[in-house]
Amino acid sequence: MIQKISIKNNDFTLHPSGAIFWEIKKMLLITDVHLGKVVHFRKHGAPVPANAAYKNLEKLTEVTNHFEPDTVCFLGDLFHSKLNEEWQDFEKWVAYCKAEVILITGNHDVIPRYLYEDIGVKVFDELLLDGFHLTHHPTEIKGTFNFSGHIHPGIRMKGIGRQFLKLPCFYKTENQLILPAFGNFTGKHILTPSETDEIFAIVEGEVICVSKKIKN
Amino acid sequence: MKQSELISIAEDWFQSKNWKSFPFQQKTWKGFLDGKHGLLNAPTGSGKTYALWVPIVLQYLKENPKYKTKHTKGLKAIWITPLRALSVEIQQAAQRFADDLGTGLTVGIRTGDTSQSERTKQKRQMPDLLITTPESLMLLLASKGYNKTFETLTAVVVDEWHELLGSKRGVQMELALSRLKTVSPKLRIWGISATIGNLEEAQDVLLGIGSEFRKNSVLIKSAEKKRIEVRSIIPKKMETFPWRGHLGLHLLEEIVPIIKASKTTLIFTNTRGQCEIWFQKILEKHPEFAGEIAMHHGSIGKETRLWVEQAIRNESLTAVVATSSLDLGVDFAPVETIIQIGGPKGIAKFLQRAGRSNHRPGEPSVIYFLPTHALELVEASALKRAVKENVVEDRIPYLLSFDVLIQYLVTLAISNGFFPKEIFPEIKSTFCFHGITEEQWNWCLNFITLGSQSLNAYDEYKKVEVTEEGLFKVQSRQIAMMHRLSIGTIVSDSMMLVKYVSGGFIGTIEEWFVSKMKPGDTFVFAGRTLELVRLRQMVAQVRKSNKRSAKVVSFMGGRLPLSSQMSKILREELQSEADHKRNTPELKALSPIFDRQERESIVPGENEFLIETFKTREGYHTLFYPFEGRFVHEAMSSLLAYRISLLSPITFSLAYNDYGFELLSDQFLDIQNVIDNNLFSSEFLFDDLQKSLNATELARRKFRDIAVISGMVFQGYPNKVVKTKHLQSNSQLLFDVFRDYEPDNLLYLQAYRETFEHQLEEGRLRLALERINSQKIIWKQCEKATPFSFPIITDRLREKLSSEKLADRIKKMTLQLMK
């Protein structure tokens, strides 16, 4: 199940992969894929299963095939580390992908700009599009609505009988939406929402709005 | 020299000290000189050091008749001790004998505390006897040319073997010995163990099953037995004594006269947090003790600990509040009295503590038991019987601990390197790995060289490399250094140093505790009230504070379960209660509580299994009372919750203590349904346990240690600001990745195996279920919480289990909001 929301009269679809589809722009927003992290760890002697690396690109392919966007915009931390062999796979994916690929740089993106540009990926520090501000770090500018990543947001749910559950989520405040990390070898950072925040949790392939459950 | 001549040298020395050798010492001397290996069963402070150090020296005299004029260099013996703190005492005792005989033999220490310059000196010239820990021994195997160092070795003595046996440090020891058996041709292996239920198995583990070493070995038991007298501190007013709790401060005043009446008293608590609180409260209520009482636990700075230990010997302290950090070691002569606060959960631990008091010949050691809540008095009553009937627990050795094996293989790869076909037979000769298959062995080799099982075309995985000759070797200096820093099998939470702003080290506390505080907050640690000034990397800088603070430093873990031997005796005590034979002072004192339990419900008899249900605003409570200890209850609760959840969608939150467990739900639970469906069956036990969500959560926790020990997670450089953040991952994340992409990984599977064998105690669980099946189930629908249920339903550490769809559960849940 997907979740549709409207911000400033624009329609957005929240997908359980962690991606957001901007309907009118036909733009797919994705953050914190952390490609290359698995290989980076292995290179330093930590035996993370190698096939975990392929899953990220498979997941990217699935979600782009699903939405058929004109543009795929990564909101930073696309690559976890310096250049390693996952780059070649990414290069193949960019060639395969019909959409235009954009990267807003994040703190982990240390791979030089020209290498991206060589394979046809446009690189920006930030983007301002029709009053929407796309960044890696959550940023507030008056009069704009901000989409960002970096945080890897998660929330903690509480039930009767002292049950607890931690879930990744889309975290929306009045002028801001933080996307969950897309990559599979990434953790989450648990946030405690205030009453006005809207939270869309990802649960077993569904996106569920959990913030309406807030008790006053 | 003949054996009889050698032994008379030792006897003469004993006489010169006005001592008399014990028969067990003579037997050990003879066994050793006859070339045997063995296990010596002798309690602390009984002269066990001389039982083994004497023949090591005598053997040297035999081989070097001109010992008075010519000293033959090279390492002769290694003495392994699990606690660094013990090494000094052993060194003094050993050196005294070596000097008095004019042997010229030297005794050195090498532990984590040994300075770098001392280590370098040792590397050039080893002492004749080296006192060390299992971890430091491994580090010696990690240095180049270790085979030369150990060539001259004639003996390894593993002291306090019972302490190592049931842990992965024991496995580490087994592996080190397997290597020494090859590189030290003249080696004799001896262990020293306190009394445990499975001494023969302990001997198998030490020497290797079916090996030549095992065949040529002896088990020597010292006949000396300490008499122990247990006295319970019984509350004067049972009506106001709490039903739950774990601190026991209500009875603080009761111990004051005991402390005052005795020269030195050791007060044992079960956790470091409890230790801090007791120390604080005693001083608060009785300021006259200031300067006369001290505190001792594993997180206090070493200097302070040594000072306290010395002060006990000097008789300058009236009382010391301690944790298990004072369980082991040499006797403190001035200690006259022991007080145990809260149930020690195991008989062996209780006896060990009781034995810490020195007693006059012919008089028993006295230990006071202070209950922290009412039902613990039953434990006191049970302990008394256990002591009378000589019941002791087994120590269960680990099997197929691949994480320790992988660490060991990398250790060998960073020093000399190894050839698998040479090492495999050694590994297979250990108790831990005698069941290892060829496939599992190859898996481990692949793991350290390829990082997986399939050869990947362009993979850059680097750890151990294979040379053209087939030698497994680590080439990277960085990997070698990271590995050296990670050697060991004790995984603790991330620790922070606590220091004064002006310098001066106080101790270490767990990172999570500090992370909840802001600068300016105060907390109590090491008996002082401290104000957090700032955090600098892994150092919490503090200053003394005059503010009163209720926040006492606390530590994770530390809750031990009731042992199976204790559980059995405890059940019997309760059952005797059910039959209205309140025949011990403890049970008599509990009368009002038992009466109330009988009014609301029942006290189950020998053939009865009690289930209670009632409703509060928290939901529907269902309580079960197997009295089997918290680990078994943990397993049984999740098993039962899982089986019930198969009948209809339901979500439970589980709680348990040593007496029973609770299933709490937002729906009513019909117990008749549980009985009719035969849900206590021991059939399909393994399967059902595996499917209960709980097993995954527990395995996830076990995996944390496995990931660190096997080197998958690097914990960073000690006290250094090296940026390793880009390489930090947590074991939780790794666990999920393995589950999704490599579920046949042996280390991932090991987490489950350890969960079943060591955490859920599957074997014990099965027996418990069989017992319940033979009992009559009594279902009491109560009006309100009963005395038995109270400590359980108020427990805040909980697990959950659900058969409802996650999405449906979420719909019933609420978001945790900012306060």
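Predicted model: local features only at pLDDT ≥ 70, side-chain atom pairs only at ≥ 80, totals over all residues.
Local features are given where pLDDT is at least 70, side-chain atom pairs count only at pLDDT 80 or more, and totals for chains, interfaces and linings use all residues. Residues are numbered from 1 along each chain as its sequence is written, while chains are lettered from A and ligands numbered from 1 in the order in which they are written.

**The two chains**

Chain A holds four helices and 16 strands. Chain B holds 33 helices and 27 strands. Both element types are DSSP runs numbered from the N terminus: helices are H or I with at least four residues, strands are E with at least two.

Chain A has 216 residues, and 46% of them are buried. In chain B, 45% of the 819 residues are buried. A residue is buried if 20 or more other C-beta atoms lie within 10 Å of its own, exposed if 12 or fewer, and partly exposed in between; the C-beta atoms are placed from the backbone.

Contacts can also be sorted by sequence separation. Two residues are in contact if their C-beta atoms, placed from the backbone, lie within 7 Å. Of the contacts in chain A with a separation of 6 or more, 64% join residues 24 or more positions apart. In chain B that share is 75%.

The C-alpha atoms of chain A fill a box of roughly 55 × 40 × 30 Å along the principal axes. Its radius of gyration is 17 Å, which agrees with the value near 17 Å for a compact globule of 216 residues. The radius is taken over C-alpha atoms, and the globule rule is 2.2 Å times the number of residues to the power 0.38.

Two packed helices are described by the angle between their axes and the distance between the axes. Axes are lines fitted to C-alpha atoms, for helices over the stretch in contact, and angles run from 0 to 180 degrees between N-to-C directions.

| Helix pair | Angle | Axis distance |
|---|---|---|
| α1(B) (3–16) and α3(B) (48–63) | about 130° | 10 Å |
| α25(B) (630–647) and α31(B) (762–773) | about 70° | 10 Å |

The angle makes α1(B) oblique to α3(B). α25(B) and α31(B) are roughly perpendicular. Angles under 35 degrees count as roughly parallel, over 145 as roughly antiparallel, 65 to 115 as roughly perpendicular and the rest as oblique.

Where does α1(B) meet α3(B)? B:Leu6, B:Ile9 and B:Ala10 meet B:Val54, B:Leu58, B:Leu61 and B:Lys62. Ala, Val, Leu, Ile, Met, Phe, Trp, Tyr, Cys and Pro count as nonpolar, Asp, Glu, Lys and Arg as charged, and the others, Gly among them, as polar.

α25(B) and α31(B) pack at about 70°. α25(B) brings B:Val632, B:Ala635 and B:Met636, and α31(B) brings B:Arg764, B:Leu765 and B:Ala768. Five of these residues are nonpolar, none is polar and one is charged.

Most residues other than glycine have a negative phi. A:Asp32 has a positive phi near 50°. It sits in the loop between β4 (27–30) and α1 (37–43) of chain A. Is A:Asp32 buried or exposed? A:Asp32 is buried, because 24 other C-beta atoms lie within 10 Å.

B:Asn18 also has a positive phi, about 65°. Its loop runs between α1 and α2 (23–33) of chain B. B:Asn18 is exposed, with 6 C-beta neighbours inside 10 Å.

B:Asn64 lies in the loop between α3 and β2 (77–80) of chain B. B:Asn64 is partly exposed, with 15 other C-beta atoms within 10 Å.
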